[in-house]
Every structure is written in structure tokens, then in C-alpha cells.
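Visitor: Could you walk me through how to read a helix and a sheet in a model like this one?

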Amino acid sequence: MEGNTDRPATKASMSDLHVIENGALYIENGKIVAVGADSEITARYQHSLSSEQQIDASGKVLTPGLIDPHTHLVHAGTRENEYAMRLKGQTYMEIMEAGGGIHATTRATQKANHEELYEQSKKRLDQFLLHGVTTLEAKSGYGLTLEHEMKQLEVARQLHDNHPVDLVSTFMGAHAIPIAEKDNPENFVDRVIQEMIPEVAKKNLATFNDVFCERGVFTPDQSRRILEAGKEYGLIPKIHADEIEPYTGAELAASVGAISADHLLKASEQGIKNMAEAGVVGVLLPGTAFFLMAEFAQARKIIDAGVAVALSTDANPGSSPTISLSFIMNLGCLKMGMTPEEVLTATTINAAHAIGCANDVGSLEVGKKADVTIFNVPNYLTLSYQYGMNHVDTVIKAGKPLVVGGQLK
Ligand SMILES: N=CN[C@@H](CCC(=O)O)C(=O)O
Ligand SMILES: [Zn+2]
């Protein structure tokens, strides 16, 4: 798996995995130093390694460490009660409008202190690692006040510092309009712009700035204001776009120069075309369509239109309570018309592009960080063929084996 570091893979290049049969990697100081045929690499480097420093992956598949470019990792609590309500017919938006949904997780997250939030989020992060993920993006957005948004971002930073998985942070103060400000949303938009964004930027707590642009949440105009304001502070725009209804989120992503537009279940053809032209990565989240029993994003159309597609879990307690990118790969193939090759590109190099880290990770190439996942499967097709299983055998992060035999070391 090499190539597409300068720009994300689109169209046919999404299928080009550059598989090496009987391959090997040599790692030094946390970086990939050589990759190629086992016969060559072994002859050249084996003498410099003790037997403990060698990993025999015969019969298995190595990929770059998986990258999850859209998660709501840092939050408190769960919402299985809402799941039961939806199964009886209530919709996601009805539950949110009645004060549940994102508001319910906001209450729980505000109530949790830093340590509690850290512990709950760390458990999920360990699970991500066990499922082969070595880098992920984590959003705030369950604080909705300066104090609690900062708390979420500080927990994310601490996890990045203490945990082997790398976190890339996104500020998402514009995730919902707090219930108390329902009748005056502009006030809240002003607070996000004037109070929160400058403080997040001052403390350097996020790389990206995301908005839930959806009818009943933030309008396209409010979203644009928030994203443009973030740009002035160096925060790169991202958008939760066209998830529930067509709402010109994809068009907005292209016009504000967003790095990615995410969801896109209801994106218009024009919006998709604009994204392709502007080079906005489309991050598709089929776990959300699955869990909300909604129509899936039209990945086939989106890829054929020239948009670079990445896949993500959207891990969150309301619309996608999973940490399994493998399951997302299955859904990508079975529900969105993607190929087994495309879903691998979408969870590695294209996912890296969606969060601006393709120079360091996302492919198995000399000079990149030695983040490698070894799956106990005989070929890569099996990864999106057998579903509901965790095939991860070994995870190497920056050269260190952290998961061995499917267990945290
Ligand atoms: N759609 C908005 N945000 C999340 C869901 C958050 C929640 O329900 O807690 C998403 O990406 O699906
Ligand atoms: Zn999300």
C-alpha cells in the first residue's frame, strides 16, 4: 500500500493497492526504512536483528495502521434508551428536539469531571487500538460552553500525550444549539465565534473546526460564519454535511475550502461535483446510516464523480456506537457499492488526507511512521468479507508492538 501521499486517491487510483505478496518491512527508530520482497529485505537486514525483534507474519496481511478520520471519542455516557425509542418509531431528530440526543450526551459530558471523561474515553481508545486503529480524529461538541468544550479538548490532548494512539483534535462547539438558547441561536453562534474559537486557538487545542450544518441545527449561513471565523484563527474547516436532509452542506464545504465534508447521505449532485473540483475529501460514515436505519450515502456515485472518499466509524453514543472500522469496511462494500480495494484506501491513505496527516502515516512507505496493523487473514479480501469479527493480530505503533496475538501488550 503505497502512493497517493501528495494528494488523496480518487477514481481508479482508489483501487490501486500495490500489494506485495510475500513482502517484508524493516523498521528503525519508529520509521519504515525498507519495504519490499521478503527475500530481499530479509537478506539485507536480518543479521542486524535479534529473534525478538522479528515478527513472523506468514499467512497474514499487513496494512498501514488504520486511520479513523471522524470520531466523537471524548464523551460521557451512553444512549441505549434512545435506541429503544427509535426502534419504536421516534426519529433521531425528534429525540434531539425533545431535549435528548446530542443534548443528553452534553448533560452527561458537562457533569463528568476531567478524570471521569478521560477514563471513559481511554477505554474506547484502547478498543480502537485493539481493532487496528493507530491514528484517529476526535471532536469536541458535547460541552457547548467554553468551559466544557475546553475540558473535552484537554482530555483529547492528554490522551494524545499519554496513549500510543495519535489523536488529531477538532473543535465542534457548533454541534448543537443549547436548549436554553433555542430561541436565539444567533447569540450562541456569536459565542462560538467570539468566545470559544479564539480560546481554542490560543491554547492550540484543535487543528480543525467542524459544524453540524443541518435543518434545525446550524443553517448554511451560520455554518459559513463559524467556519470563516475559525479560518482567521488557523482552524481548518470540516462539515457534518447533508446527513438528514439535502441542505447544501457539500456546496458549502467546497466554497469555504473545507478539508472534508462528512456524512453526505443526502448530498446533491452539484455539491458532489463542487467537492471534486475543490479537492474536498468525502468522509462517509455508513455506521450512521446503518444505525439510524437511513439510506446510505451513494459512495459509488461520489467516487465516480472524482471525490476522494474516506471511511470512518463516526464513533458516538447516538448515531453510531461502534469502534469497528472493519465493520465499516463491510458496510462500505455491501451497502455503498465500494470494492474491497476502495474500502482499504478509504481507511488508510484517504483517511489520513481527511485529517491532514498523509505525510506521516496512511501508507507503508519508506520514511513514514512505522504504524502497521497485521490481520490474521490469508488475503485482504477477507477483511471486508467476514463481518462482525476482529481479525487484528498485531498492531505496531511507531515501531512498537502494542497489540500482540489480538491482546493489548
Ligand atoms: N450528526 C451529528 N453528530 C454526530 C452524532 C452525535 C450524537 O448523536 O451524539 C454524528 O456525526 O452522527
Ligand atoms: Zn460526527
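Guide: Contact means C-beta atoms, placed from the backbone, within 7 Å, and angles run from 0 to 180 degrees between N-to-C directions of axes fitted to C-alpha atoms, for helices over the stretch in contact. Helices (H or I, at least four residues) and strands (E, at least two) are DSSP runs, numbered from the N terminus. This is a predicted model, where local features need pLDDT of at least 70 and side-chain atom pairs count only at pLDDT 80 or more, while totals for chains, interfaces and linings use all residues. Residues are numbered from 1 along each chain as its sequence is written, with chains lettered from A and ligands numbered from 1 in the order in which they are written.

Visitor: In what order do the strands of the open sheet come, and what is the pairing?

Guide: In general, strands of a sheet pair through backbone hydrogen bonds, either parallel or antiparallel. Here 8 strands run in the order β4-β5-β6-β7-β8-β9-β10-β11, with parallel pairing; a pair needs at least two DSSP bridges. At the edges sit β4 (66-68) and β11 (309-311), each pairing on one side only. From one strand to the next, the twist averages 25°.

Visitor: Which residues of β8 lie on each side?

Guide: In a regular strand the side chains alternate between the two faces of the sheet. In β8, Ile 236, Lys 238 and His 240 are on one side, Pro 237, Ile 239 and Ala 241 on the other, and all are buried. Buried means 20 or more other C-beta atoms within 10 Å of a residue's own, exposed 12 or fewer, and partly exposed in between, with C-beta atoms placed from the backbone.

Visitor: Which residues of α8 are buried?

Guide: Gln 222, Ser 223, Ile 226, Leu 227 and Gly 230. They cover an arc of only 125° around the axis, so they sit on the same side of α8; the arc is taken from the directions from the helix axis to the C-beta atoms. The face turned away from that buried side carries exposed Asp 221 and Glu 232. What covers the buried residues of α8 includes β6 (166-174), α7 (185-202) and α9 (249-256).

Visitor: What comes just after α8?

Guide: Gly 234, which takes a positive phi of about 85°.

Notes. Two residues are in contact if their C-beta atoms, placed from the backbone, lie within 7 Å.
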